[in-house]
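Please walk through the structure below, beginning with the fold and ending with single residues.

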Amino acid sequence: MYVGDFLKTLDRVPSGVPRLDGLLSGGFLPGRVYLVVGPPGSGKTTLGMQFLI
């Protein structure tokens, strides 16, 4: 089994943003820390609020 295949089998926490979940193979891995960076207006706060709601 390849590492990529193994990661796809792990449980995920949905981000609340369907298209982002598609890019992340279903959402964030639980127990991990993620840093969201980008210029002003790129949607960092919106992403954080969607995740919290």
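**Fold and aromatic contacts**

The chain contains three helices and zero strands; helices (H or I, at least four residues) and strands (E, at least two) are DSSP runs, numbered from the N terminus. Along the sequence the pattern reads α-α-α. The radius of gyration is 12 Å, well over the 10 Å that the globule rule gives for 53 residues, so the chain is more spread out than a compact globule. Here the radius of gyration is taken over C-alpha atoms, and the globule rule is 2.2 Å times the number of residues to the power 0.38. Taken along the principal axes, the box filled by the C-alpha atoms is roughly 40 × 20 × 20 Å. Of the 53 residues, 11% count as buried, where buried means under 20% relative accessible area, exposed over 50%, and partly exposed in between (1.4 Å probe, protein chains only).

This is a predicted model, in which local features need pLDDT of at least 70 and side-chain atom pairs count only at pLDDT 80 or more, while totals for chains, interfaces and linings use all residues. Residues are numbered from 1 along each chain as its sequence is written, and side-chain values use heavy atoms, with hydrogens and water left out. The mean pLDDT of the chain is 87, and 98% of its residues reach 70 or more; pLDDT is the predictor's confidence in each residue, from 0 to 100. Among the elements, H2 has the highest mean pLDDT (89) and H1 the lowest (75). Where pLDDT is low, the predicted coordinates should not be read in detail.

Which aromatic contacts does the model hold? A search of the whole structure finds two aromatic pairs. Rings of Phe, Tyr and Trp (its six-membered ring) pair if their centres lie within 6.5 Å; planes under 30 degrees apart count as stacked, over 60 as edge-to-face and the rest as tilted. Phe28 and Tyr34 make a tilted pair, with 4.8 Å centre to centre and 50° between the planes. Phe28 counts as buried because its relative accessibility is 15%, whereas Tyr34, at 42%, counts as partly exposed. Phe28 also pairs with Phe51, edge-to-face, at 5.7 Å centre to centre and 85° between the planes. Phe28 lies in the loop between helix H2 (18-23) and helix H3 (44-52), and Phe51 lies in helix H3, so this pair ties together parts that are 23 residues apart in sequence. Phe51 is partly exposed, at 40% relative accessibility. Phe28, Tyr34 and Phe51 form one aromatic cluster.

Phe51 also belongs to a nonpolar surface patch of about 550 Å², made together with Val13, Met49, Leu52 and Ile53. Patches are made of residues with over 30% relative accessible area and no salt bridge: like charges are joined within 9 Å, nonpolar side chains (Val, Leu, Ile, Met, Phe, Trp, Tyr) within 5 Å. A salt bridge is a side-chain nitrogen of Lys or Arg within 4 Å of a carboxyl oxygen of Asp or Glu. Met49 sits in helix H3 and is partly exposed at 45% relative accessibility.

Two other residues complete the tour. Ser25, in the loop between H2 and H3, has a positive phi of about 60° although it is not a glycine. Phe6 is in helix H1 (residues 3-9) and is partly exposed, with a relative accessible area of 42%. From C-alpha to C-alpha, Phe6 and Gly38 are 29 Å apart in space, and they are 32 residues apart in sequence.

Definitions and conventions:
Accessible areas come from the Shrake-Rupley method with a 1.4 Å probe; for residues, only the protein chains shown count as cover.
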